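Visitor: I'd like to learn how to read a protein model piece by piece. Could you walk me through this one?

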Amino acid sequence: MTRKYFGTDGIRGKTGEYPITSEFFVKLGYAAGIVLAQNNNTQVRPSVVIGKDTRISGYILESALEAGFASAGVDVLLTGPLPTPAIAHQTKFIGAQAGVVISASHNSYEDNGIKFFSSQGIKLSEKIESEIELLLEKEIKLVSPELLGKAKRLENAASDYIIFCKKTVSDDFSLKGLKIILDCAHGATYHVAPKIFTELGAEVITINNKPNGLNINENAGSIHPEIMQKSVIDNSADVGIAFDGDGDRLIMVDDRGNIVDGDQLLFLIIKRYVDLNNIKGGVVGTLMTNLALEEKCSELSIPFVRASVGDRYVSELLRDKKWLLGGENSGHILMLDKHSTGDGIISALQVLASLLHFKKNLYEALQELPLYPQVLINIPLKGKIDLNTAEIKSTINKAKEIMKGKGRVLIRNSGTQAIVRVMAEGPVEKYVTQAANLLVKKIEEENKV
């Protein structure tokens, strides 16, 4: 069925505007609680772990979800602000039926949303999300008083997660001698990431780690890396690491201030896995993955396939194929032998492990993977637009002709925002830019209320 509320990464929108309201979140908690109870195959009372990022609206939505779940007879375990992957880990670690994260990821504080994890620490299936949506239309009927859910704080959730992250590297792994800039985006990693990298021996300079409820992602983190770039240069640091607001993805900066994206980071991880003979099967990218990474995998005789954009689709395809490694150029990286979901901190540790393994710095290690020029333009939607018309398909063919058949173009609707994303990439930057501009012009012509 077509889902009304759930997108590629949960539910997201403006706080105070439907569906990001306390009233809706009570119903959402109730509906999800009923579905969890129905799918509970154990004799244990159903429970759910609820975490959040640092947005001020998280307090209200957390309370609303708590009331909804309790109304359905589900116990609620609250962690407070923690990275999204920490909730996935905690859910699996304590045997809860589901995990919930209140977050709008890289969006500004005005937005908020929700992500669900199964008992196995993976994103809920679209089937379960559809079941939840069906119940949203029904009236809330409290379970009998003796069956109402209870709520309590999980005091050790942060320390459990810190231990878990450190166990994803070897016992003799040490970052001693490295100076690292950490940009926590005033988000959910602000209190755990600095401890992890410091305890592993690095000299850590942390920036953007003073959340006030209103400054999450504000000129900070993986989508605004300018301050981190400057900080790396000013402090003569070896590397910079920037997370997004909920900590499930990252970008990095080398010692020269160059931005390193998810495709490049994934390549460094792949290279070490190959060298240690730990690769299993192939690699999953997305429609946005740079063509250079696909070609490099081919050189290494590693199968490469593309999933739809969204880390849940990368995860699903990896599991279908029983492979380990995949990711997005936005910085979502999955290593299913390390965690059940994308994790910015664990990804950073694995990249650093690769650099130490090959005894190279970040700049040197990436010289063998020159990315193709890629132009990505976001066009805000004014109304509905059909991207499958004959005219748009004809424009796409013309764009490919401009690049002389050596490159890729892609037009798609965002799964989380009301925008159309236009992408073009190829070996010749001039042709890539011309192709992208042609596509943008056509979309803007069609983008009418």
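Visitor: Let me start with a helix: which residues of helix 5 are buried?

Guide: First, some ground rules. This is a predicted model, where local features need pLDDT of at least 70, side-chain atom pairs count only at pLDDT 80 or more, and totals for chains, interfaces and linings use all residues. Residues are numbered from 1 along each chain as its sequence is written, and side-chain values use heavy atoms, with hydrogens and water left out. Helices (H or I, at least four residues) and strands (E, at least two) are DSSP runs, numbered from the N terminus. Buried means under 20% relative accessible area, exposed over 50%, and partly exposed in between, with a 1.4 Å probe and protein chains only. In helix 5 (residues 157–166), the buried ones are A157, Y161, I162, F164 and C165.

Visitor: Why do the buried residues of helix 5 line one face?

Guide: The general idea is that an α-helix has 3.6 residues a turn, so residues three or four places apart point the same way. Looking down the axis of helix 5, the buried residues fall within an arc of 165 degrees, so they line one face. That arc is taken from the directions from the helix axis to the C-beta atoms.

Visitor: And what covers the buried residues of helix 5?

Guide: Contact here means heavy atoms within 4.5 Å. The cover includes strand 3 (75–81), helix 3 (84–94), helix 6 and helix 11 (344–358).

Visitor: Helix 6 again! Which unit does helix 6 make with strand 7 and strand 8?

Guide: A right-handed β-α-β unit, with helix 6 spanning residues 193–199. Right-handed means that, with the strands pointing away from the viewer, the path from the first strand over the helix to the second runs clockwise. Strands pair if DSSP finds at least two bridges between them.

Visitor: How do I read a sheet? Which order do the strands of the four-stranded open sheet have?

Guide: The order is 13-12-14-15, with mixed pairing. Strand 13 and strand 15 (333–335) stand at the edges with a single partner strand each, so one side of each has no neighbour in the sheet. On average, neighbouring strands here are turned by 20 degrees against each other, direction ignored. For such angles, axes are lines fitted to C-alpha atoms (for helices over the stretch in contact), and angles run from 0 to 180 degrees between N-to-C directions. Helix 9 packs on this sheet, touching strand 12 (283–286) and strand 13, and its direction makes about 150 degrees with that of strand 13. Helix 10 (residues 311–321) lies across strand 12, strand 13, strand 14 and strand 15, at about 135 degrees to strand 13.

Visitor: What order does the three-stranded open sheet have?

Guide: That one reads 16-18-17, with antiparallel pairing. Its edge strands are strand 16 (374–380) and strand 17 (408–413), each pairing on one side only. Strand 17 and strand 18 (residues 419–425) share six bridges, and N413 stands opposite V420.

Visitor: Is N208 buried or exposed?

Guide: Buried, at 13% relative accessibility. S301, in the loop between helix 9 (291–299) and strand 13 (304–307), counts as exposed at 67%.
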